[in-house]
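Biologist: I'd like to learn how to read domains, interfaces and helix packing in a model like this one. Could you walk me through it?

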Amino acid sequence: MNALNRYFSLHRLLAIIVKEFIQMRRDKLTFAMMVGIPLLQLTLFGYAINSDPKHLPAVVVAHEQSEFTRSIVAALRNTDYLDIRSATVSERDASEMLARGEVQFVLTIPPDFSRRLIRGERAQLLLEADATDPSATGNAIAALQQISGSLLRHDLRGPLAARQTAEAPFELVIHRRYNPDALASYNVIPGLVGVILTMTMIMSTALGLTREVERGTMENLLATPVRPLEVMIGKIMPYVIVGLVSMAFVLTAARWLFHVPFIGSLPLLCAVILLFIAANLVVGITVSSLARNQMQALQMTFFFFLPSILLSGFMFPFRGMPVWAQWIGEALPLTHFMRITRGVMLKGNGLAEIWPDLWPLLLFMLVMMALGLGRFRRTLD
Amino acid sequence: MNDGALAIDLRGLTKRFGARTVVDALSMQVRRGEVFGFLGPNGSGKTTSIRMMCGLLTADGGEGHTLGWDIRREAAQIKREVGYMTQRFGLYEDLSIRENLAFVASIYGMDRTRQRVDTALERLGLQSRQHQLAGSLSGGWKQRLTLAACMLHEPRLLLLDEPTAGVDPKARRDFWEEIHRLASQGITVLVSTHYMDEAERCHRLGYIAYGRLMACGTPQELVERSALHTWQVGGEGITALAEALQGAPGVEMVTHFGNSLHVSGSDAAALEAATAAHRADPRQHWQLTRPALEDLFIHLMGQAHDNFTGNRAS
């Protein structure tokens, strides 16, 4: 044996490398994570993430229809920033659509718009934006403001050519609804409520239940008169309480540290938080019934958490994502919960307005419950 | 409730996991107040059988009663009256000794929890260490603590699944003293083990292989009933002798016992013939002896294997 072999042997190194590969092949979940997560991140950051979202849904409240207004609407459509629905709606409907998050913008054309324009009085158009997520609307607002000056250039001809002043012929008044100062914290903090709950609730339930099985204490426990349901509820309850306490903490911080407004009903939000906690705990139970040890439980939690945080609209504007990513996002409870918290806190939404996001949350929970509890039962035998 | 003389009464109990039959028509009776040794190789279905006895697993076929309760329908009553000690340490390593005992006591809905825990700690001699984490105890102490936890609710039957695995001889001896003390108070004990010296300490034994009961009776009965003939050989050159005899017709087992060798077979004449030449060797002394339990069990295991593979072929 030569001297080098005493300190470093390629044979030994190779033996370890081969062994690692064999183990990697056996541990399918880790392997899937090593391949899956970069793939997920690549497609997400490569395609999904668009910090300059276009085609934002908008409606027009037209108190007046003229060639000018038609021309303005057509021109705004051409910017690609707005997807303006052709039917005009009433003021009340538009306001509700904005509250439900169905549309991002409402363009209001006042009754005397054309008359004022022709007379050369300062004509105004009102563009209301749902500014709960400033990053979703910021670019669109800036672009629209910039082009509004040149919008009617071709329509103001003949006797009206005089209206083509250096100044814009009309003023585009922009209202950033719910978040007039376009503060990011207004958007991030209600979202954080959901992110924190998703991570802590799934992880603690999944780990807590898997730990009992992994350490062999579950068998001991089940040999006692204790019922499976008691084990489950008993193990989950402390985490629900911890979750609620941490929520109280986050909401207090939101109010007093970050001065995020709270317009809606606190009891309603608490009820939704409880529902969301339940949905996440059911995910945790499902994970624990699939995972063979705590490590796997942690990996699976991560698998669920990563798309949740990336595709729910927390990190990036939901409408900036491609359609396939939006569909995945719609299937995740965090997406809906985040819309509800933002709606209740910033818009003062009530039960009627949050219903479109409430039923998907309920549905998710029921489906997961059927899956998770069904499996949990069987794993006890 | 039928309060007969049997603590455990299994008839044709069967358990399958997928296509694998783990316990195959097991019929076995354990009398009240006896220490019953449950033996068998790894994977023979001991743990699965015990789990069925205490209602943790549902049998796929056959029937059984534990303390008179139906193991399928009355698992809840069984759990209340049975103490089950799992193979692995089943208490919480991150709870203190006292917290573990208090937890078990309240799970069983015991009254006077505090007092019971105090008594248990005193009997264990762990009062001074009651606030130590259970995970920091040695193997022997963990096992004693588990037994104490199993006894908190005053069960009438103890099911111990390999309780002494990885425990030093002194602790094992103490443990068995405790088991016999409990048995003398009228508690029935079923204990699974791999150790032959422990098997000898049981009142009766059951030996299972491939999920089937191969033999059942007192250690003495088993040895007497067995058709096994054993020669004990001492002297020089027994290692070479063992090699020479291995696989010879009529010789079923050749086993080293320290400085001597056990040569066994079930056909006395064939064994006689196979060993005749060697018995003339002056360096060794041969004598017919009673087979040891270990000879017997290895023989049974071989038999079970033949049956099993034979069945498969047919």
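Modeller: Let's start with contact: two residues are in contact if their C-beta atoms, placed from the backbone, lie within 7 Å. Keep in mind that this is a predicted model, where local features need pLDDT of at least 70, side-chain atom pairs count only at pLDDT 80 or more, and totals for chains, interfaces and linings use all residues. Residues are numbered from 1 along each chain as its sequence is written, while chains are lettered from A and ligands numbered from 1 in the order in which they are written.

Biologist: How many residues of domain 1 of chain B are in contact with domain 2 of chain B?

Modeller: Domain bounds come from an automatic or database domain assignment. In chain B this gives domain 1 (6-217) and domain 2 (227-303), with C-alpha centres 37 Å apart. Where they touch, 9 residues of domain 1 of chain B meet 6 residues of domain 2 of chain B. On the domain 1 side, α7 (196-200), β9 (204-209) and β10 (212-217) of chain B each supply at least two residues, and α7(B) gives the most, with 3 residues.

Biologist: What classes of residue make up the side of domain 1 of chain B that touches domain 2 of chain B?

Modeller: Ala, Val, Leu, Ile, Met, Phe, Trp, Tyr, Cys and Pro count as nonpolar, Asp, Glu, Lys and Arg as charged, and the others, Gly among them, as polar. That side of domain 1 of chain B has 8 nonpolar, no polar and 1 charged residues.

Biologist: And how is chain A divided?

Modeller: Chain A has domain 1 (56-177) and domain 2 (184-380), and their C-alpha centres lie 40 Å apart. Their contact takes 10 residues from domain 1 of chain A and 14 residues from domain 2 of chain A. The domain 1 side of chain A holds 4 nonpolar, 4 polar and 2 charged residues.

Biologist: How many residues of chain A are in contact with chain B?

Modeller: Chain A brings 10 residues into contact with 16 residues of chain B. The chain A side divides into 4 nonpolar, 4 polar and 2 charged residues.

Biologist: Now for the helices: how are two packed helices described?

Modeller: By the angle between their axes and the distance between the axes. Helices (H or I, at least four residues) and strands (E, at least two) are DSSP runs, numbered from the N terminus. Axes are lines fitted to C-alpha atoms, for helices over the stretch in contact, and angles run from 0 to 180 degrees between N-to-C directions. In chain B, the axes of α3 (residues 97-107) and α4 (residues 113-124) come within 9 Å and cross at roughly 130°.

Biologist: What name does the orientation of α3(B) and α4(B) get?

Modeller: Angles under 35 degrees count as roughly parallel, over 145 as roughly antiparallel, 65 to 115 as roughly perpendicular and the rest as oblique. α3(B) and α4(B) are therefore oblique to each other. Among the residues that meet are Leu101(B) and Ala105(B) in α3(B), and Val117(B) and Leu121(B) in α4(B). The residues of this contact comprise 6 nonpolar, 2 polar and 2 charged.
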